[in-house]
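Hi,

Here is the structure I promised to pass on. Have a look at it first, and my notes on what turned up follow below.

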Amino acid sequence: MDVIFGRNKEEHPEPIKADLKGELPSWLQGILLRNGPGMHTVGETQYNHWFDGLALMHSFTFKNGEVYYRSKYLCSDTYNCNIEANRIVVSEFGTMAYPDPCKNLFAKAFCYLSHTIPEFTDNCLINIMKTGEDYYATSETNFIRKINPHTLETLEKVDYNKYVAVNLATSHPHYDSAGNVLNMGTSIVDKGKTKYVVFKIPSSVPEKEKKKSCLKHLEVVCSIPSHSLLHPSYYHSFGITENYIIFIEQPFKLDILKLATAYFRGVNWASCLSFHKEEKTWIHLIDRKTKKDTATKIYTEAMVLFHHVNAYEEDGHIVIDVISYADNSLYQMFYLKNLNEDLEKNTKLTSIPVCKRLVVPLAFDKDAEAGTNLVKIPSTTATALKEKDGSLYCQPETMCEGIELPRINYDYNGKKYRYIYATEVQWSPVPTKITKIDVLTKKKLSWEEEHCWPAEPVFVPRPDLKEEDDGLILSSIVTTDPKNAPFLLVLDAKTFTEIARATVNVDLHLDLHGLFIPEKDLNAEHE
């Protein structure tokens, strides 16, 4: 397993023509961009956690029925500092680094003090975000890095903090029909308050500022106070509907005091996260017009979640689909010491991922008796029970088990939808199948092949789409058998039959997230 997780991957900055088996539809023109950790050792030093690795972007370009592959390390400040020093000198979430082991006592004390509020890494290894005509590699810190989607060249570094007071931000933004970006981040003890900040980045700038970044026109939509000043919730994503922003404040929390002393104590930032299973998970519904949270307190059982699937409004209710866990064991599984030949033995999740549906009534009888189920839509077994104090306790419906990295047809984001595309993981954190789930009938279609680990499936709609699943599924496939080359898999999203595969003779890396950029959205000037 060291070949998959521990070994540094080579970059291929020049396009490599893939060996195509099958035939691609003529309308599939554009670039599939992917992002993930690719380098885990620098000199004699090694990262502790797979999620810490230096970002390696890769792309599959579809042009006139052919596929071209390339990959390139993100030339972040983190990457450059590490490579220049030939050792890890910039800390990541699971690895605390010390820039100069030879510093005298005074210099070390000064370093400890300067790390009280950490200067986070710009190793943006999680996702790709579109803002106007620009594309950025993103992670969960306050930094993003602009990239050229054609060449994967690293461009300028952007600090969210210059535009909005956040120390952390999600790598899963939302896009509205006009192309505006909606995202949220955490503001840690700013003016005596810790809060979650929702902000919007417009899709364009005024004509007279044509050469300026859309980020200069970023605006704060609203802020949500944290339940605890020094223990804000960790979150990886959030949800939206036509009229609401959905934020789930889970009891998987970051301890700010521990974070402030982590450098001094010689421990990583991940050790400052803990799951409080005895606490509630709070559901916030922010009205997008009034920018206010609902007055009713809404909660569910303690859970850990990373990915929202989708949310929508139906007959006076909000339906929220998420992938949740009963504990935080998933993150622990990806420490590199566990990702070895004994992977199957060492990485049994103590909590399987479960796709759950939460339903919240927007309007209900305030005089209803305590214990009354206020959910009135017949299509779900999820309930919302009124408590004596007027709060709502939401009990979710289990939709299916063992899936992660969910994607949908994004045209249905925030709307009533039917299909989830995901990887299937079961009790191991490594995906072995790509699965399509019909949330209406609960029927599943799957693709799997021996020795194959698929990446997050990306849905690409057919231009003349008539039904929600009219389109293709794209997934890059890593092979654990060295005799078999990795490939990009293309499936018919409706039937889940294989349309084509584009094989590349490279050491393809496991990645995390990405997006497909249609040809019409690519700026020819960057090519």
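**Salt bridges and the overall picture**

Arg357 and Asp321 pair up in a salt bridge, with their closest N and O atoms 2.8 Å apart. Arg357 sits in strand S25 (residues 354–361) and Asp321 in strand S24 (residues 317–325), so this pair ties together parts that are 36 residues apart in sequence. Both ends are tucked away: Arg357 is buried at 5% relative accessible area, and Asp321 is buried too, at 0%. Bear in mind that this is a predicted model.

That pair belongs to a set of 27 salt bridges in the structure. Another one joins Arg418 to Asp438 (2.9 Å, N to O). Here Arg418 is partly exposed, at 31%, while Asp438 is buried, at 7%.

Then there is Lys494 with Glu467, also 2.9 Å from N to O. Each of them lies in a loop between strands, and the pair ties together parts 27 residues apart in sequence. Lys494 is partly exposed at 31%, as is Glu467 at 46%. These two are part of one network of salt bridges with shared partners, together with Lys436, Asp469 and Asp470.

On the surface, look for the patch of positive charge where Lys162, Lys208, Lys212 and Lys216 gather. Lys212 is in the loop between strands S15 (193–201) and S16 (219–225), and is partly exposed at 45%.

As for the whole protein, it has six helices and 38 strands. Its radius of gyration is 23 Å, close to the 24 Å the globule rule gives for 527 residues, so it is as compact as a globular protein of that length. Buried residues make up 58% of the 527.

Cheers

Key: Residues are numbered from 1 along each chain as its sequence is written. This is a predicted model: local features need pLDDT of at least 70, side-chain atom pairs count only at pLDDT 80 or more; totals for chains, interfaces and linings use all residues. Side-chain values use heavy atoms; hydrogens and water are left out. Patches are made of residues with over 30% relative accessible area and no salt bridge: like charges are joined within 9 Å, nonpolar side chains (Val, Leu, Ile, Met, Phe, Trp, Tyr) within 5 Å. Accessible areas come from the Shrake-Rupley method with a 1.4 Å probe; for residues, only the protein chains shown count as cover. A salt bridge is a side-chain nitrogen of Lys or Arg within 4 Å of a carboxyl oxygen of Asp or Glu. Lys and Arg count as positive and Asp and Glu as negative; His and the chain ends are not counted. The place of a charge is taken as NZ of Lys, CZ of Arg, CG of Asp or CD of Glu. Helices (H or I, at least four residues) and strands (E, at least two) are DSSP runs, numbered from the N terminus. Buried means under 20% relative accessible area, exposed over 50%, partly exposed in between (1.4 Å probe, protein chains only). The radius of gyration is taken over C-alpha atoms; the globule rule is 2.2 Å times the number of residues to the power 0.38.
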